Amino acid sequence: MIRLNNTIRVTPFCILALLGLLLFTILIGIEKQQERDETFRHFQDSRPGRSRLDLLEYSVRTHKGYVTLNEINEKVYNSFGYEITIAALPIPTLRMLNEPTCGSVFSEWLRISREPQPEIPPKEIMSRKSDEFLMNGYAGLDEYYFNDKNAAGSDKPRNWDQISKLMTYSKTDLGELAYPGESVSMYHAMAVHRLDEMSGVVIGSMQPWVEVMALRHGAKHILTVEYNQLTIEEQFKDRLSSILPVDLVNNWNDYADSFDFAASFSSIEHSGLGRYGDPLDPIGDLREMLKIRCLLKKGGLLFLGLPFGTDAIQYNAHRIYGSIRLGMMMTGFEWLATYSGESPEAFEFNSTRLHYKGTFGLTQYTMVLRKL
Ligand SMILES: *[C@@H]1O[C@H](CO)[C@@H](O)[C@H](O)[C@H]1NC(C)=O
């Protein structure tokens, strides 16, 4: 009885408490909804044009035929740690799902560079890694084998003691030192996006033609990252210097966020394919891009020469860059313009131009990108 009485006496308090709790829950609910709306508005503002509809509306050309950006987003980008933020053609804009720190970018590079490697560059992609190399089957595969590991007849650094002579060459003659016709695209890009008083880093050059083009367009100092020791002509030693890749990586803190520009032509597409005895790494090229991003100042320019075409690997010669891979390569950069060797003016880079040589056809162009 006493218990019952107690219960009855307590009841008005219970009702009050329940009402209070209900009100509290409703208020929290309203706040959460407002937060969600806020996030959604922010999401819409900061990522214009992104919607599932857009991703289904746009298709890119692959070696499998035309594939929607939605499919590429789900089957390739998400598993590589990226997602589309702007559905655009011929190259969608992406973001990384988990942006790595520069510390982890360089330490991962070191870790991979120390892994044991096969004696002879493999003739085929190991099946265990084929999805990673071939973007889950969305990149074409062609056989085109080289063993340039310590090869006797392989390219060695040349002309580093002849810089003053190269400074007098025509752009065409400079281009002839590397890829006749195509190398001139670097010159055209630098002539429009001048380098006056800037300091920069050049990645992967046997002959100093990229460096000479940069000097000719005003660069103050250039650091070349090269596996070989370079013999630089005395009178250019205040403007040119070189460093071994491993030394740059070990001392990355001294170089992070320090360069006004970076330049690389026909180099990054080889990274990770083992042709030069380099460590096998399906995303060796994407790693190089992350490294370059760490080295550049915010707003710094990247002059990037790559083979363009329909996404593919001609194993182990090189990768060919199409809509899919370019999206990942350019993440964190703004795309300013693209130059060919044919004209001093930037050209319109559209799907027709990208794919005009067919499945394994390629052309090297120079893109100008700005670090965001
Ligand atoms: C694509 O760009 C080229 C120049 O690079 C131009 O001649 C052509 O008309 C463009 N095609 C389309 C469909 O816009």
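Predicted model: local features only at pLDDT ≥ 70, side-chain atom pairs only at ≥ 80, totals over all residues.
Residues are numbered from 1 along each chain as its sequence is written.

**Figure 1. Overview of the chain.** The chain contains 14 helices and 14 strands. Helices (H or I, at least four residues) and strands (E, at least two) are DSSP runs, numbered from the N terminus. Of the 372 residues, 37% count as buried. A residue is termed buried if 20 or more other C-beta atoms lie within 10 Å of its own, exposed if 12 or fewer, and partly exposed in between, with C-beta atoms placed from the backbone. Among contacts between residues at least 6 apart in sequence, 70% join residues at least 24 apart. Two residues are in contact if their C-beta atoms, placed from the backbone, lie within 7 Å.

Figure 2. Seven strands form an open sheet with mixed pairing, in the order 8-7-6-9-10-14-13. Its edges are strand 8 (240–243) and strand 13 (333–339), each of which pairs on one side only. On average, neighbouring strands of this sheet are turned by 20° against each other, direction ignored. Strands pair if DSSP finds at least two bridges between them. Strand 6 (residues 199–203) and strand 9 (residues 259–265) are joined in the parallel sense over three bridges. Within this pairing, V201 has A262 in strand 9 as its bridge partner.

**Figure 3. Helix 12 across the sheet.** Helix 12 (residues 284–295) comprises 12 residues and reaches 17 Å from its first C-alpha to its last, close to the 16 Å expected at 1.5 Å a residue. The expected span is 1.5 Å times one less than the number of residues. The helix lies across strand 6, strand 9, strand 10 (296–309) and strand 14 (362–371), and runs at about 155° to strand 10. Axes are lines fitted to C-alpha atoms, for helices over the stretch in contact, and angles run from 0 to 180 degrees between N-to-C directions. Because 12 of the 12 residues of helix 12 are buried, the helix is largely enclosed by the rest of the structure. The buried residues include the charged side chains D285, R287, E288, K291 and R293.

**Figure 4. Surroundings of G175.** G175 belongs to helix 7 (residues 171–176). G175 counts as buried because 21 other C-beta atoms lie within 10 Å. Leaving aside residues up to four places away in sequence, G175 touches P180, G181, S183, V184 and G341. G341 is 166 residues from G175 along the chain, and the C-alpha atoms of the two are separated by 8.9 Å.

Figure 5. Three strands in the order 5-11-12 make up an open sheet with mixed pairing. Strand 5 and strand 12 (318–320) are its edge strands, each pairing on one side only. Strand 11 and strand 12 run antiparallel and are joined by three bridges. I313 stands opposite R319 in strand 12. N316 is placed in strand 11 (residues 312–316), and the peptide bond joining Y315 and N316 is cis, with omega about -5°.

Figure 6. Most residues other than glycine have a negative phi, and most peptide bonds are trans. The peptide bond from L89 to P90 is cis, with omega near 5°, and P90 is located in the loop between strand 3 (82–86) and strand 4 (93–96). M135, in the loop between helix 5 (130–133) and strand 5 (140–144), has a positive phi near 50°. M135 is buried because it has 22 C-beta neighbours inside 10 Å. D257 also has a positive phi, near 55°. With 14 other C-beta atoms within 10 Å, D257 is partly exposed.
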